[in-house]
Amino acid sequence: MLLVLFKKFFGKRPSEKSDASSPLEEQVLRIQQGDLRLRNQLIADYQPYVAKVTSRFCKRYIDPARDDEFSIALAAFNEALNQYSQEAGRSFLGFAETVIRRRLIDYVRKEQRFQGQVPYSAFDQEDEESNLMNPVEVHQAIEAYEKQKGAEERRSEIIDFSRCLQEFGISFSELTEASPKHDDSRQLLFQIARTLSEDAELMRTLLAKRQLPIKELLERVQVSRKTLERNRKYLIAVALIYNGPYPYLRDYLHIRED
C-alpha cells in the first residue's frame with residue numbers, strides 16, 4: 001500500500017522536458033499563450049518536483065494528499081507559469097522555486113500572524129538563486145507554525161478522547177478524582193492498563209461490552225479484584241489511550257513511566 005501511494009504521488013522523476021520537441025521554457029511560453037492542455041500536463045508532471053521543494057522548505061516529509069503546504073506550493077507553481085519571463089535570464093524551475101518559497105513564507109506568516117513582525121526586508125541574505133531571505137527567521141517562523149500545529153492537534157486529540165470516554169460513561173472530572181495520589185500506584189495502574197491494551201482478546205471484550213474485563217484481567221496481573229474494581233475507570237481510560245489514535249496522550253504516559 002505504501003509503495004502504491006509513493007508511486008501515485010511521486011511517480012517517475014520529471015525531466016527538464018515534458019515534451020521532447022521543446023525545452024521547458026518554450027513550453028511555458030506556449031502555456032502563457034493559452035495552451036491549457038499543456039498547462040495541465042506540466043502541472044501534473046511536476047508535482048513530484050513541487051513536493052520535493054516543499055519538503056525541503058518545511059524540513060519534513062510533505063504528503064501531497066494531506067498537507068496544506070503542498071496545495072499552496074502547487075498553486076505557486078501555476079502562478080510561476082503565468083509570471084515567468086525568459087528576459088530575466090533565469091531557468092523556469094529556478095524561478096518557480098522562488099515563487100513557491102515566497103508563497104510558503106506568506107502562508108507561515110499568516111498562520112502565525114507574523115505579517116507585522118517579520119517584514120520582507122528582514123530576508124536579507126541571498127541564496128543560490130539570488131533570492132533575498134533570512135534563513136534564521138524562516139526557521140523561526142516554521143518552528144512557531146509547527147508548535148501551534150502541534151497544540152491544535154493535541155486539543156483535537158483530547159476532544160476526541162473525551163468523546164470516546166463518554167461512550168464508557170466516564171468524564172474527565174471523574175478521572176481527576178480517580179487518579180491515584182501516589183506515583184507507585186500510578187505506575188502499577190499504567191502497567192496493568194498496558195497489559196490490557198496489548199491483549200487483543202481483552203480489548204475486544206472491553207470495546208464490545210464497554211466494561212472492564214475484570215475476571216479475565218485477574219488471570220494476567222498480580223493484583224486483587226478490589227484493586228481493579230476501585231480503579232476501573234482509570235484503567236479503562238489509560239488502556240484506551242494506549243490502544244487508540246492518541247500519540248500525544250500516549251507519549252505523555254510514556255514519559256511518566258520513564
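1. Helices are taken as DSSP runs of H or I of at least four residues and strands as DSSP runs of E of at least two, both numbered from the N terminus. The model is a predicted one, in which local features need pLDDT of at least 70 and side-chain atom pairs count only at pLDDT 80 or more, whereas totals for chains, interfaces and linings use all residues. Residues are numbered from 1 along each chain as its sequence is written, and side-chain values use heavy atoms, with hydrogens and water left out.

2. The secondary structure of the chain amounts to 14 helices and two strands. Of its 258 residues, 41% count as buried, a term that stands for under 20% relative accessible area, with exposed meaning over 50% and partly exposed what lies in between (1.4 Å probe, protein chains only). Among the contacts in the chain with a separation of 6 or more, 59% are accounted for by residues 24 or more positions apart, a contact being heavy atoms within 4.5 Å.

3. In helix 2, which spans residues 24-32, the buried residues are Leu24, Glu25, Gln27, Val28 and Ile31. They lie on the same side of helix 2 because they cover an arc of only 155 degrees around the axis, the arc being that of the directions from the helix axis to the C-beta atoms. Just after helix 2, Gly34 adopts a positive phi of about 115 degrees.

4. On the helix 2 side the contact is made by Val28, Ile31 and Gln32, and on the helix 5 side by Leu81, Asn82 and Gln83. These residues of the contact between helix 2 and helix 5 divide into three nonpolar, three polar and no charged.

5. Two spans carry annotations from UniProt, which may be inferred rather than shown by experiment. An unreviewed entry there places the feature "short sequence motif: Polymerase core binding" at residues 68-81, a span that is 100% helix and 0% strand in the model, with its end C-alpha atoms 20 Å apart. UniProt also lists residues 214-233 as "DNA-binding region", again in an unreviewed entry; over residues 214-233 the chain is 65% helix and 0% strand, and the end C-alpha atoms are 12 Å apart.

6. Two backbone values deserve a look, given that most residues other than glycine have a negative phi. Lys59, although not a glycine, has a positive phi of about 60 degrees; Lys59 sits in the loop between helix 4 and helix 5 and is exposed, with a relative accessible area of 63%. Arg210, likewise not a glycine, has a positive phi of about 60 degrees; Arg210 lies in the loop between helix 10 and helix 11 (214-218) and, at 33% relative accessibility, counts as partly exposed.

7. Glu201 belongs to helix 10 (residues 200-209) and counts as partly exposed at 48% relative accessibility. Glu201 and Pro213 are twelve residues apart in sequence, and their C-alpha atoms are 10.0 Å apart in space.

8. Two further residues can be paired with positions farther along the sequence or earlier in it. Glu174, in helix 8 (residues 172-178), is partly exposed with a relative accessible area of 26%, and its C-alpha atom is 8.8 Å from that of Tyr234, 60 residues apart in sequence. Leaving aside residues up to four places away in sequence, Glu174 touches Gly169 and Lys233. Gly244, in the loop between helix 13 (232-243) and helix 14 (247-257), counts as buried at 17% relative accessibility, and 9.7 Å separates its C-alpha atom from that of Cys164, 80 residues apart along the chain.

Methods. Ala, Val, Leu, Ile, Met, Phe, Trp, Tyr, Cys and Pro count as nonpolar, Asp, Glu, Lys and Arg as charged, and the others, Gly among them, as polar.
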